[in-house]
Amino acid sequence: MRGRIGSRAPGGTVTLGTCRRVAGSRGRTRRACAVDRGNGWENETVVQDPPRAAADDSRNPYRVVLSKPGALNFSAAAVVARLPMSMVGIGIVLMIQGIYGSYALAGRVSAAYVIAQAIASPQIARYVDRVGQAKVMRPLLVVSTLGLVGLILSAVNQAPEIWLYVSAVVAGASIGSYGSMVRARWSHAVKDPRQLHTAYSLESALDELVFVVGPVLATLLATEVTDSAGIIVPAVAAVVGGVWFLSQRRTEPPVIPVVPGVKHGSAMRSPGMVVLAVVFVAMGFIFGATDVSTIAFAEEQGSKSASGLILAVFALGSLISGLAYGARHWVSPLWKRFAIGMVALALGVSLFFVVTSLPMLAVVMFVTGFTIAPTLINGNALVQNLVTPNQLTEGLAWVGTSLGVGVSFGASIAGSRIDAAGAHAGFQVVMIAAGLAVVAVLASLRVLRRGAPRPDLTDDPVVTDEA
């Protein structure tokens, strides 16, 4: 920031000059000035302490980031738009099983939806980076809505199976990833690495609520209202949240122009991204298998209705830890914190096998929940270190999609094991998935560390002149 300065010095001499403001350490601002004191130009540096209001605001970092222009609106809209991410898969299973009476058919249709989403979402995100969020997602929002409506109508009217598959594929292939797009908006709106860490922490905490509460809500709607309610509600949320989010054009990140003659490869060409995708699939397995196993265990204990409360306790632990984690500045490397988080999560879920009562399960899940959000936060933050800026939305979409795929298949596999050997067999699926995730992370620490070409997101920012 440059400008003219003028003041009257002792003796009546007018002091004129120009200044530029330079960011300093600990929130201080250094003004570098060239001043004419009547005897020639001299250099002068004035250090100013940060305003008291800024110091007060720093005590609540979430208030700081949400006070950014438009931030509260686009973050809230993204929460609504993300509900289908955790509700549609299980909603399909509940709806089709309830109407057609076939778990096998329900599993196949749900798998068609999940696979279509897994294949298409990263490609959509890649196109979003090049063209823009609204231009790409507005027409796709119409397509995905038609797909979900077609799926509901086909099921309610007991149409031939082929229409179920077609509708599921259309909906899954066009629904996109609002989780990746909201993080891209934060990366554009927030330049301070500490504030970006807080913003990512907030979104990860909200993600966790969506992933844990969504399946429970879908189950209650399908069992207590009507078979199709578990799909109707997320379909409405997709429209309302999508329109609300995409209408906020001022906070949409700018398009990064494509340089002629330069090839733009996929974000998955980064070895670190491959590791993250594998680990996030395993994490999804943990969440999906935990949901199903908890419901089965509660039913075995004679209180199936308590499963919703226990899963809410799981989400509460994650939410508390996510908000606390994001409120603090961390100096250790992201890759190291990500690895520690995965080990802690694996240790937590390993206690599931020794649980013998619902109160004990609630305690274990609450404590284990504290490891979830920080691990998700660090994983999403690592993406920004592993990909180029024009691949950010795509990279975030890959990890988000991997998590969703893991949730769907984890629930399915755990369900099969529970049918064969009871709830503790489902918890075994959870523990195996956690063990595989830890092995993948520990075996790939060198890749994650070397794959970060830019400074860690929590490192102090480089001091530069303000333009």
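**Close-up 1. The second largest cavity of the predicted model holds about 140 Å³ of space.** A cavity is a set of points on a 1 Å grid over the protein atoms alone where a 1.4 Å probe fits but cannot get out, and lining residues have an atom within 4 Å of a point. Grid points are joined across faces, edges and corners, and a volume is the space filled by probe spheres set on the points. This is a predicted model in which local features need pLDDT of at least 70 and side-chain atom pairs count only at pLDDT 80 or more, whereas totals for chains, interfaces and linings use all residues. Residues are numbered from 1 along each chain as its sequence is written. Of the 14 lining residues, Arg183, Asp207, Asn380, Gly400 and Leu403 lie nearest the centre of this second largest cavity. Two or more lining residues come from each of α8, α9 (193-224), α15 (372-386) and α16, with α16 giving the most, 4 residues. Helices are DSSP runs (H or I, at least four residues), numbered from the N terminus.

**Close-up 2. The largest cavity has a volume of about 170 Å³.** Its lining comprises 15 residues, and Met85, Gln117, Ile175, Gly176 and Ser177 lie nearest the centre. At least two lining residues are supplied by each of α4 (83-100), α5 (103-131), α8 (178-189) and α16 (392-421); the largest share, 3 residues, comes from α16.

**Close-up 3. Helix α3 (residues 71-81) has buried residues Ala71, Phe74, Ser75, Ala77, Ala78 and Ala81.** Seen down the axis of α3, these buried residues fall within an arc of 165°, so they line one face of the helix. The arc is that of the directions from the helix axis to the C-beta atoms. Buried means under 20% relative accessible area (1.4 Å probe, protein chains only).

Technical notes: Heavy atoms only, no water. Buried < 20%, exposed > 50% of the residue type's maximum accessible area, 1.4 Å probe, protein only. 1 Å grid on protein atoms, 1.4 Å probe; cavity = no way out; pocket = protein on both sides within 12 Å on 5 of 7 lines; lining within 4 Å.
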